[in-house]
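User: Could you walk me through a few local features of this structure? I would like to begin with the terms.
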Amino acid sequence: MRDYLEGQLKTAWPELKVVAKAANGIEALRLIGEEAPDVVFLDIRMPGMTGMDVAARLVADAKPPHIVFVTAFDQYAVEAFEHSAVDYLLKPASLERLDKTVAKLKAALRAKEPAAAGITAATLHALLAQLGGAAQAVAAPATAPAPAPTLQWIRASQGDQTRLISVDEVIYFQSNDKYTSVFLADGESLIRTPISKLREQLDEQKFWQIHRSVIVAAHHVAGTRQDFRGRLMVQLKGREEQLVVSRNYVDLFRQM
């Protein structure tokens, strides 16, 4: 189905460059973080993570891509998408319908419209509920809740031991399959909390997300450089490894 869609896109949008194809939602997130595409086509039902779950991560970014859902749901069900800022295609995507999607995307890109404007993770899960998926309804409070306290301590696994770590000891976090690696001066520990949840709990002044899979402690950043591929790399104080900054987060270092 991916190859079929790619073939249809070559006809409907010859100048479009397909930079990557993913086999599942987790791989999709990784590739999107590396390639920073303008447009993403997401199947709603994917192994690992649904298209809705992937989209919920994307719209939380400062510069999300334009999202097109690909779905096997019938015409009645996908009416849920009609009034949203995203588009959808029924599988298999007809060339006539794809032409309309391409025209919409081209117009948005020419006008430099913000991708998925007004779409939030809550909206996406509400759409999924309308399509027959499971979602929980949460009543909005009448007043804004007090900000949650930032994370101070982490309970992590190191070998066969459990370790209590102060966030002040952390050099950086890196997504690692089903776990998140916590890099410290004296080694590496593992936690089950995903990067997206950590970002919500950490003090954004002290911890900077530089890639979809990496959050670094600001006071451990020594500087940046460009590698031979033109990628921006973060250099750490007293450490040899260097961390890739994805294009979505390059603006953090404009003044460095």
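Analyst: Buried means under 20% relative accessible area, exposed over 50% and partly exposed in between, with a 1.4 Å probe and protein chains only. This is a predicted model, in which local features need pLDDT of at least 70, side-chain atom pairs count only at pLDDT 80 or more, and totals for chains, interfaces and linings use all residues. Residues are numbered from 1 along each chain as its sequence is written, and side-chain values use heavy atoms, with hydrogens and water left out.

User: Which residues are buried in H1?
Analyst: In H1, the buried residues are Leu 5, Glu 6, Gln 8, Leu 9 and Ala 12. Seen down the axis, they fall within an arc of 165 degrees, so they line one face of the helix; the arc is taken from the directions from the helix axis to the C-beta atoms.

User: And what is exposed on the face of H1 turned away from the buried side?
Analyst: That face carries Asp 3, Lys 10 and Thr 11.

User: How does H1 pack with H4?
Analyst: H1 (residues 2–12) and H4 (residues 95–110) pack at about 65 degrees, with axes 10 Å apart. Gln 8, Leu 9, Thr 11 and Ala 12 of H1 make the contact with Leu 95, Leu 98, Asp 99 and Val 102 of H4, where contact means heavy atoms within 4.5 Å.

User: Changing topic, where does Ser 189 lie, and is it buried or exposed?
Analyst: Ser 189 lies in strand S8 (residues 187–191) and is buried, at a relative accessible area of 0%.

Technical notes:
Axes are lines fitted to C-alpha atoms, for helices over the stretch in contact, and angles run from 0 to 180 degrees between N-to-C directions. Helices (H or I, at least four residues) and strands (E, at least two) are DSSP runs, numbered from the N terminus.
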